[in-house]
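Let's take a look at how this chain is put together. Have the viewer open as you read on.

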Amino acid sequence: MKEILLDKRLQTLVGEYVPQGEILDDLVCFFSIFSDYTRLKMISALAISEMCVSDISNLLDLNQTTVSHQLRLLKNLNAVKTRRQGKVIFYSLRNETLNDVLLKGVEFLGY
């Protein structure tokens, strides 16, 4: 084993700060939301307004089946919520934090 140059206090701090177990699993799932082009476009659109599948499909020029599949994934990850109006289901971001993270990514990249 290689020698660690950090003092014991910093070693302890790193050990306490680095996520592990369930927290690490949850963070990986959370950040996977942003790892797909279609999901990223949909999150951006839903940050502006709630929409139904056909609106998302038409506005983003995506297949409705693809949109439905990605919305199901986003719903399973608690990223979106639904509201039914008659036969139409509207989707919106569950929490504005998703858009904040997206905007921080844009800021990080310097755009």
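A residue is called buried when its relative accessible area is under 20%, exposed when over 50%, and partly exposed in between, using a 1.4 Å probe and protein chains only. Because its relative accessibility is 10%, Cys52 counts as buried, whereas Cys29, at 39%, counts as partly exposed. A disulfide is a pair of cysteine sulfur atoms within 2.5 Å, and by this rule the count comes to zero.

A word on the model: it is predicted, so local features need pLDDT of at least 70 and side-chain atom pairs pLDDT 80 or more, while totals for chains, interfaces and linings use all residues. Residues are numbered from 1 along each chain as its sequence is written, and side-chain values use heavy atoms, leaving out hydrogens and water.

Now to the helices. Helices (H or I, at least four residues) and strands (E, at least two) are DSSP runs, numbered from the N terminus.

| Helix | Buried residues |
|---|---|
| H3 (37-46) | Thr38, Arg39, Met42, Ile43, Ala45, Leu46 |
| H6 (97-109) | Leu98, Asn99, Leu102 |

In H6, the buried residues fall within an arc of 95 degrees, so they line one face. Lys104, Glu107 and Phe108 are exposed on the other side of H6. An α-helix has 3.6 residues a turn, so residues three or four places apart point the same way.

What do the buried residues of H3 pack against? Contact means heavy atoms within 4.5 Å, and the partners of H3 are H2, H4, H5, strand E1 (80-85), E2 and H6. The buried residues of H6 are covered by elements including helix H2 (21-32), H3 and strand E2 (88-93). Just after H6, Gly110 takes a positive phi of about 85 degrees.

Finally, the core. A nonpolar core is a set of buried Ala, Val, Leu, Ile, Met, Phe, Trp, Tyr and Cys residues joined through side-chain atoms within 4.5 Å. The largest one has 19 residues, of which Leu46 and Leu71 touch the most other members. H3 gives the most to this core, with four residues. Leaving aside neighbours within four places in sequence, Leu46 is in contact with residues including Met51, Ile56, Leu71 and Tyr91.

Note on methods. Expected span 1.5 Å × (residues − 1). Arc of directions from axis to C-beta.
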